[in-house]
Amino acid sequence: MSLRHRQVLVLAQTVNALRPLRSVGAGVPAFVGGWMTSELAPQLLAATLLDATAEVTYRRHRPGHPDRVGLGLAALSALGLGAMVREALRSARRIESTLDDGLGADYLDVLEEPPSASDLKLHLRELARPFRLTDPGVEVVRDVSYVPGVEARRGRLDVYRPAGVELHGAPVLVQVHGGAWTLGSKETQGLLLMNRMARRGWVCVALNYRLAPKHPFPAQVVDVKHALAWVREHVAEYGGDPDYLVLTGGSAGGHLAALAALTPHERAWQPGFEDADTSVAACVPFYGVYDVGGLTGDKPAVAMRDDFLGPKVFQRDPVEDREIFEQASPLARVTPEAPDFFVLHGSADTLVDVRQARAFVARLREVSRASVTYAELPGAHHAFEVFSSIRSQHTVRAVERWLLHHRAVWSRERLQPGPGTTSASA
């Protein structure tokens with residue numbers, strides 16, 4: 001393949017990443033190319049520059065070389081890829097500004113051990129091997145059954161802990177994987193965040209759940225709640241604090257995390273364990289689906305409901321059974337008692353339009369009495385934090401800081417004496 005042909009492909013992917021098609025039918029193809037291109041922009045930029053350099057130096061004496069058209073295409077690709085790298089580098093400042101605005105410029109002052117400069121610094125090794133998602137400092141207890149009677153593989157969870165460390169009363173993060181409610185597994189998502197928090201002394205739990213279409217909704221949220229009940233009862237055995245649970249997840253996992261966080265007393269979704277406590281202290285959904293019912297009238301949300309969720313996931317008619325879709329929409333389940341939320345979404349997401357996140361955050365801020373933090377990342381596509389990149393590393397570090405702050409504030413409030421008590425009795 002010639003330089004010209006290679007660079008036509010690279011330029012097409014670059015343009016798609018920068019200006020993805022947003023029509024309903026183009027969402028998935030635009031995501032596949034845009035996601036990888038935007039997060040691997042530094043590597044693709046280096047490869048493009050090497051390709052062009054080789055054309056000018058090593059291939060110049062061959063017939064038809066140097067390929068001036070190919071070099072022009074490479075220059076355009078390099079400009080676009082460079083713009084994406086710049087945007088990813090700016091994400092650190094943007095997210096920090098979000099945290100300052102939402103929590104206060106002095107939000108780290110409540111921490112006994114704030115992240116050091118080294119903790120916040122991006123290391124080259126984290127970018128050189130983007131798909132290396134294991135951490136030797138973290139031990140994983142795999143395939144723990146959390147519910148009897150469910151398919152063996154789907155009713156299991158993994159527990160992440162700092163290796164060789166005795167824990168007691170550690171904060172707990174529960175991760176729900178995505179995959180359009182029809183695929184995915186606990187081993188493939190949320191790993192950057194779980195490894196980072198485990199190194200910080202947290203206990204992290206990643207769960208599988210039953211998948212559609214074999215198991216229509218609400219099987220998925222029932223399983224998430226069953227896992228929460230199990231964590232509440234058993235996480236102390238792994239050093240975790242059963243009183244402090246935070247839910248997180250991406251895409252369909254972001255939907256399930258948000259929905260479970262907002263409905264701790266939904267007895268219909270807790271069959272056989274109706275009285276179990278499935279409440280959480282906070283929720284951190286990434287690029288979640290919040291408008292399952294098409295409540296906003298937004299065309300992408302309505303199309304997702306009618307063309308995919310109805311026939312594949314719910315196996316219900318969204319017109320005849322509209323109430324079921326509304327009940328499954330986090331947007332419709334916000335109450336004053338909602339837990340604290342940190343919502344993250346990319347502006348270039350073609351699978352779940354960013355307008356869903358904006359509407360959900362607006363509803364939370366209108367109704368909830370809890371804190372609401374929202375980070376909208378310019379240029380970020382769906383699944384932007386699945387593997388290691390400039391943006392994902394900065395994002396994970398920001399979520400780490402938010403979680404550490406939240407835990408510190410929660411602990412301080414628990415220690416404060418209530419009305420009619422003294423400090424000693426508290």
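**View 1. The lining of the second largest pocket, sorted by class.** In this predicted model, the lining of the second largest pocket has 11 charged, 6 polar and 4 nonpolar residues, where Asp, Glu, Lys and Arg count as charged, Ala, Val, Leu, Ile, Met, Phe, Trp, Tyr, Cys and Pro as nonpolar, and the others, Gly among them, as polar. A pocket is an open set of points on a 1 Å grid over the protein atoms alone, where a 1.4 Å probe fits and protein lies on both sides within 12 Å along at least five of seven lines, and lining residues have an atom within 4 Å of a point. Of the 21 lining residues, Arg 125, Glu 126, Asp 135, Arg 199 and Gln 393 lie nearest the centre.

**View 2. The largest pocket.** This pocket has a volume of about 860 Å³, a volume being the space filled by probe spheres set on the points, which are joined across faces, edges and corners. Its lining comprises 34 residues, and Val 28, Ala 180, Ser 251, Leu 351 and His 382 lie nearest its centre. By class, this lining has 19 nonpolar, 11 polar and 4 charged residues.

**View 3. Helix α10 beside the largest pocket.** With 6 residues, α10 gives the most to the lining of the largest pocket; helices are DSSP runs (H or I, at least four residues), numbered from the N terminus.

**Notes on the views.** Residues are numbered from 1 along each chain as its sequence is written, and side-chain values use heavy atoms, with hydrogens and water left out. In this predicted model, local features need pLDDT of at least 70 and side-chain atom pairs count only at pLDDT 80 or more, whereas totals for chains, interfaces and linings use all residues.

Notes
Helices (H or I, at least four residues) and strands (E, at least two) are DSSP runs, numbered from the N terminus.
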